[in-house]
Amino acid sequence: MAEITYICKRTVVSTKPTQPGKYHSFSVLDHLMEKNHIRIVYYCKSWGEKEAGEITVSLRESISEMLTHFPKVTGRLIRNEKGNWMIKCNDAGVRMVEARAKGSVEDWLKSVDREKELKLVYWEDMIHKPYFWSTFYVQITEFEEGGVAIGLSCFHLLADPICATKFLKAWADKTMGQKMVSPPFFHPLPPRRPINKTSNHKPYTDLINHYKFSIENSTPFLDANHTHTTITLSFSDHMVQACMDMVQPTSAPNKPNPSSPFEALAGLLWICISKVKGLRNGLVNMSLCLDQRKVLGLDKGFFGNCMVYNKVHSNGLEEHNLSQATKVIGEALEKMDNEGIMDLIEWLEHNDSQSHPLMNNCDLICASLETVEPYSVDFVGGFEPIRVSYYVEPVIGIGQVLIFRAPSYDGPLGRVVMVTLPKDEIVKLCEDELILHLSPRILMGVARNYA
């Protein structure tokens, strides 16, 4: 087993100072995520023959250049006159942890689990002095026999997984001496389009009611993840296609398949997790979480929270019917249009308070990270990462499913699915007949293969 030695923790600042007196406020979608944080781990090959610590120095230099474009990230939290958080852009920097690990990155990946992986991505909870607390942490772990792990953790108040990935992409671009593909834009959420302002407009109440219920029923959490573990499943192109074919209604076998890879896999995991939870009739409560930048007409570089939750209604579904489960997921996605999202934002703005919920508190959360391409983040010229992992913490309640694109060699439909559940349920999930039928590779979790 590879062992990690932590060498130091330092503060890295940008190479150019920010203009004094600059502040950033947060949106209502930001405020809702202030009880969560994000962790991402990238595994990369070595940069050829390098001395110990040489890769770390190179990454430290490139992140300093990149941070010039991210004043919101290098600032510190303060309270405004209403008592809400805001960022003072004071160039205080981000925290960087430097570490070494025995063995090679390939050896590490053969036996990695959730507990080991989280040692590669440092995180510190805010305790008493927010003004001295960094909202972003990076960790660089060099493996003695080759390879490097790059970990990023951040306060969800500032960023969702989409822009956290773009932050890493910008860092990788700087490391390789390239121009940033999508520079960040820090601006408020857009107002409702004038053409959509009608006197007889009826708000989309389902979405609002879901948030209202989450806010009113949010409960405190203690030691949230102590009984949970995470498994990573890799579905190749043909496996996802097979899942999409399983979704096709038997009454219309020759019609074009209406489901997307996300809808098909979300339906699959919804049914399988319901079964391991012991539900014989019906399905567990589930909420979808999707990026709404395109729906709201935002620039790809928008930096902030723009992922929205919506309840999937399973009333009247036949027992563990994959086709029907996928259909209601698709219906929930269709309702998340511009007007519905704007109805939610306006309702949240009129009902904003200093007491914010834990949005993943009640339901099974199934989040789509399909709007980013994690394997396009190239820290090593010409080589995509060996593996990427995402965590949205803490995970409490029923559990969490994260779905994102797989490496290019798995084909255009290939997807990686990270499932976090209580430990005993993970074992049962791997033994489910639907999972066994598709036979995805287990990248991390209870075993390497099903055989």
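Predicted model: local features only at pLDDT ≥ 70, side-chain atom pairs only at ≥ 80, totals over all residues.
## Buried charges

A residue counts as buried when its relative accessible area is under 20%. Glu393 belongs to strand 13 (residues 387–393) and Arg114 to helix 5 (residues 114–117), so the bridge connects distant parts of the chain, 279 residues apart.

Side chains of opposite charge can pair when their charged atoms come close. Across the whole structure, a search finds 16 salt bridges. One of them joins the side chains of Arg60 and Glu98, with an N to O distance of 2.6 Å. Here too distant parts of the chain are linked: Arg60 sits in helix 2 (residues 54–67) and Glu98 in strand 6 (residues 94–101), 38 residues apart. Glu98 has a relative accessible area of 5%, and therefore counts as buried.

Another salt bridge brings together the side chains of Arg192 and Asp343, at 2.5 Å from N to O. Arg192 is found in the loop between helix 6 (161–175) and helix 7 (205–216), while Asp343 is in helix 11 (residues 338–350), so this pair ties together parts that are 151 residues apart in sequence. Arg192 and Asp343 are each buried. Returning to Arg60 and Glu98, salt bridges with shared partners join these two residues and Arg10 into one network.

## The surroundings of His228

Now have a look at His228, which is placed in strand 9 (residues 228–235). The relative accessibility of His228 is 8%, so this residue counts as buried. Which residues does His228 contact, once its neighbours within four places in sequence are left aside? The contacts are Arg114, Val395, Ile396, Gly397, Thr420, Leu421, Pro422 and Lys423.

For a sense of distance, compare His228 with Ser58: the two are 170 residues apart in sequence, and their C-alpha atoms are 36 Å apart in space.

## Helix 9 against helix 10

Two packed helices are described by the angle between their axes and the distance between the axes. For helix 9 (residues 261–276) and helix 10 (residues 322–334), the axes come within 8 Å and cross at roughly 125°. The two helices are therefore oblique to each other, and their crossing is right-handed.

On the helix 9 side, the contact involves Phe262, Glu263, Ala264, Ala266, Gly267, Leu268, Trp270 and Ile271. Helix 10 meets them with Leu322, Ala325, Thr326, Val328, Ile329, Gly330 and Leu333. By class, the residues of this contact comprise 11 nonpolar, 3 polar and 1 charged.

## Helix 9 against helix 12

Helix 9 also meets helix 12 (residues 423–430), where the axes come within 9 Å and cross at roughly 120°. Is this pair oblique or parallel? Helix 9 and helix 12 are oblique to each other, and the crossing is right-handed.

In this contact, helix 9 uses Leu269, Cys272, Ile273 and Val276, which meet Glu425, Lys428 and Leu429 of helix 12. The residues here divide into 5 nonpolar and 2 charged, with no polar residues.

Notes: Residues numbered from 1 in each chain as written. Heavy atoms only, no water. Axes fitted to C-alpha atoms, helices over the stretch in contact; angles between N-to-C directions. Helix = DSSP H or I, 4+ residues; strand = E, 2+ residues; numbered from the N terminus. Parallel < 35°, antiparallel > 145°, perpendicular 65-115°, else oblique. Left-handed = near helix turned anticlockwise from the far one by under 90°. Contact = heavy atoms within 4.5 Å. Nonpolar A, V, L, I, M, F, W, Y, C, P; charged D, E, K, R; others polar. Salt bridge = Lys/Arg side-chain N within 4 Å of Asp/Glu carboxyl O. Buried < 20%, exposed > 50% of the residue type's maximum accessible area, 1.4 Å probe, protein only.
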